[in-house]
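Please consider the following note on aromatic contacts and helix packing.

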Amino acid sequence: MHTPRLEQALAALLAGQRVAALGTLDAQAGTPFVSMVPFAVDAAGGCLVLHVSGLAAHTGNMAAQPAVSLLVTAPQEPGAPVHDLARVTLEGTAGTPEPGSDAWRSARAAYLARFPDVEPMTELPDFRFVTITLTGARQVAGFGAARSVSADELARVLARPAA
């Protein structure tokens with residue numbers, strides 16, 4: 001089956017980058033709040049996975065308002081035009097799988113496959129997995145190559161095995 005070039009580029013970006021800027025709404029003030037989060041792709045669960053502390057502002061924000069946005073960008077190369085930087089803004093809904101559930105086990109496995117060194121942190125009572133179910137995206141694959149991405153296409157991209 002042929003995979004379109006922009007879909008391949010999106011899959012490569014998500015597989016190749018390990019951190020995102022997470023946008024939430026401040027639970028107290030209702031103002032935008034952005035933080036850096038490591039993320040993993042859970043192909044089996046069809047979602048992105050975060051591992052967050054209950055003390056983090058973004059954790060409380062997601063609990064109060066689960067609509068989130070994540071920005072994933074390719075690394076900037078010295079001398080390269082910044083307007084050519086590949087990036088995707090993902091829209092989704094945050095959820096917290098019940099510890100021990102199938103969704104939790106899938107999220108944990110995906111996260112530890114990408115970040116095996118944090119395994120001890122997954123046992124800390126203050127930390128939890130958050131799954132982001134994607135509802136849409138805006139992809140920029142370079143200057144003049146921008147498009148909206150449907151939830152269905154995002155599901156196909158997330159289901160691809162990691163490269």
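1. In this predicted model, the charged residue R114 is placed over the face of F39, at 5.1 Å from the ring centre.

2. W104 belongs to helix α3 (residues 102–114) and F129 to strand β7 (residues 127–140), so the pair ties together parts that are 25 residues apart in sequence.

3. Is F129 buried or exposed? Its relative accessible area is 1%, and F129 is therefore buried.

4. The rings of Y111 and F115 have centres 4.8 Å apart and planes at 40°, so this pair is tilted. Y111 and F115 are both buried. Together with W104 and F129, these two residues form one aromatic cluster.

5. A pair of packed helices is described by the angle between the axes and the distance between them. For helix α1 (residues 5–16) and helix α4 (residues 151–159), the angle is about 55° and the axes are 9 Å apart. The two helices, α1 and α4, are therefore oblique to each other. The crossing in which α1 passes α4 is right-handed.

6. Which residues of α1 and α4 meet? On the side of α1 they are E7, L10, A11 and L14, and on the side of α4 they are E153, L154, R156, V157 and L158.

Definitions and conventions: Residues numbered from 1 in each chain as written. Predicted model: local features only at pLDDT ≥ 70, side-chain atom pairs only at ≥ 80, totals over all residues. Heavy atoms only, no water. Helix = DSSP H or I, 4+ residues; strand = E, 2+ residues; numbered from the N terminus. Buried < 20%, exposed > 50% of the residue type's maximum accessible area, 1.4 Å probe, protein only. Phe/Tyr/Trp six-rings, centres within 6.5 Å; stacked < 30°, edge-to-face > 60°. Lys NZ or Arg CZ within 6 Å of the ring centre and 35° of its normal. Axes fitted to C-alpha atoms, helices over the stretch in contact; angles between N-to-C directions. Parallel < 35°, antiparallel > 145°, perpendicular 65-115°, else oblique. Left-handed = near helix turned anticlockwise from the far one by under 90°. Contact = heavy atoms within 4.5 Å.
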